[in-house]
Amino acid sequence: MIPALDALARLRDGNRRFVANQPMAAPALSADRRAALVAGQEPCAIVLGCSDSRVPAELVFDQGLGDLFVIRVAGNIVAPSQVGSVEFAAGRFGTRLVVVLGHSQCGAVTATLEELLGGPSEHSRDVRAIVDRVRPSVETVLSGRPTADLAVLMGDAVRANVRASVDHLRHGSALLEELIRKDGLLVVGAEYSLETGAVTFFDGVPEGA
Ligand SMILES: [Zn+2]
C-alpha cells in the first residue's frame with residue numbers, strides 16, 4: 001500500500017513533467033506493464049475528475065496503466081455511484097489518496113452559474129441532476145456579491161464545487177470516514193488549469209506536505 005503523502009508526491013512530480021512536456025509514462029504503458037497487471041492492481045490514487053476531454057487524469061499526472069483509479073463525471077460531482085466507486089477502490093485495493101480534480105472553464109459549473117445569473121435553464125432531467133448538485137456551492141459563491149466580475153466568480157465557483165465534493169466524500173460514507181480516522185485515507189481537492197497545465201492542490205493537504 002502506498003501512503004497518501006507518497007502518492008501525492010508522485011502526482012505532483014508527474015504533473016511537473018506534464019507541464020514541462022517531459023513525460024515519463026511510456027514505460028508504464030508497455031506490454032510488459034500490461035501483462036504484469038493482469039494478476040491485479042494497486043493504484044496509488046483515486047481521482048474523481050470532470051469528463052472534460054481536456055482533463056484526462058492519467059495524462060495530466062503523467063501516470064500509466066494501473067496507476068490511477070479514475071472516476072469521471074461532468075462537473076466532478078458526487079452522487080451515490082461516485083461514493084461507491086471510491087469505497088470500492090479504497091476498500092479493495094488499499095488506495096489511500098483521493099483527489100477531487102476540478103478545472104478552469106468547467107462547462108458544468110459555467111452552466112450552473114449562467115442559470116443562477118438568469119441565463120438559460122432548460123435542461124433534460126438527467127443534466128438537471130448534475131446542475132442541481134453543482135448549484136449549492138455556486139449559490140454560496142454568488143450570495144452577497146452578484147455583481148462581481150464573471151471570471152472571478154467562475155474561479156471561485158470551480159473551487160467551491162471541488163470543496164463540496166471533497167466534503168461529501170469525507171462525510172457522506174461511514175466506510176470512508178472510518179478509513180480517514182483510522183487508516184490514513186486522505187481526501188484532497190485540486191484544480192487543473194487549462195491555460196498552464198498545472199494542477200494546484202488547494203484543499204486538505206496537510207501543512208508542509
Ligand atoms: Zn468540467
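Colleague: Is Gly-91 buried or exposed?
Modeller: This is a predicted model, in which local features need pLDDT of at least 70, side-chain atom pairs count only at pLDDT 80 or more, and totals for chains, interfaces and linings use all residues. Residues are numbered from 1 along each chain as its sequence is written, and side-chain values use heavy atoms, without hydrogens and water. Gly-91 belongs to helix H4; helices (H or I, at least four residues) and strands (E, at least two) are DSSP runs numbered from the N terminus. With buried meaning under 20% relative accessible area, exposed over 50% and partly exposed in between (1.4 Å probe, protein chains only), the 53% of Gly-91 makes this residue exposed.

Colleague: How far apart in space are Gly-91 and Leu-176, C-alpha to C-alpha?
Modeller: Leu-176 is found in helix H8, and Gly-91 in helix H4. Along the sequence Gly-91 and Leu-176 are 85 residues apart, but the C-alpha to C-alpha distance in space is 8.7 Å.

Colleague: What is the relative accessible area of Leu-176?
Modeller: Leaving aside neighbours within four places in sequence, Leu-176 is in contact (heavy atoms within 4.5 Å) with Val-86, Glu-87, Ala-90, Leu-169 and Leu-185. Leu-176 counts as buried, because its relative accessible area is 1%.

Colleague: Are H4 and H8 parallel or oblique to each other?
Modeller: The axes of H4 (residues 80-93) and H8 (residues 174-183) come within 9 Å and cross at roughly 45°; axes are lines fitted to C-alpha atoms, for helices over the stretch in contact, and angles run from 0 to 180 degrees between N-to-C directions. Angles under 35 degrees count as roughly parallel, over 145 as roughly antiparallel, 65 to 115 as roughly perpendicular and the rest as oblique. H4 and H8 are therefore oblique.

Colleague: How many residues in the contact of H4 with H8 are charged?
Modeller: The crossing of H4 and H8 is left-handed, that is, the near helix is turned anticlockwise from the far one by less than a right angle, whereas clockwise would be right-handed. Val-86, Glu-87 and Ala-90 of H4 make the contact with Leu-175, Leu-176 and Leu-179 of H8. Ala, Val, Leu, Ile, Met, Phe, Trp, Tyr, Cys and Pro count as nonpolar, Asp, Glu, Lys and Arg as charged, and the others, Gly among them, as polar. On that basis the contact holds 5 nonpolar residues, no polar ones, and the number of charged ones is 1.

Colleague: At roughly what angle do the axes of H5 and H6 cross?
Modeller: H5 passes H6 in a right-handed crossing. The residues that meet include Val-109 and Leu-113 in H5 and Val-131 and Val-134 in H6. The contact of H5 with H6 divides into 9 nonpolar, 1 polar and 4 charged residues. The two axes come within 8 Å, and they cross at roughly 65°.

Colleague: How many polar residues are in the contact of H5 with H7?
Modeller: The axes of H5 and H7 (residues 150-171) come within 10 Å and cross at roughly 120°, and these helices are therefore oblique to each other. Their contact is made by Val-109, Thr-110 and Leu-113 of H5 together with H7 residues, including Leu-150, Met-154 and Asn-161. The contact contains 7 nonpolar residues and no charged ones, and the number of polar residues is 2.

Colleague: What spacing do the donors of the zinc ion follow along the chain?
Modeller: Donors are N, O and S atoms within 2.8 Å of the metal (3.2 Å for Na, K and Ca), and sites may look incomplete because water is not among the atoms. The protein donors here are Cys-50 (SG), His-103 (NE2) and Cys-106 (SG), at 2.0 to 2.3 Å from the zinc ion. Cys-50 lies in the loop between strand S1 (45-49) and helix H3 (57-60), and Cys-106 in the loop between strand S3 (97-103) and helix H5 (107-116), 56 residues apart. Along the chain the donors follow the spacing C-x52-H-x2-C.

Colleague: What is the phi of Asn-76?
Modeller: Most residues other than glycine have a negative phi. Asn-76, in the loop between strand S2 (68-72) and H4, is buried, with a relative accessible area of 1%. Its phi is positive, near 35°.
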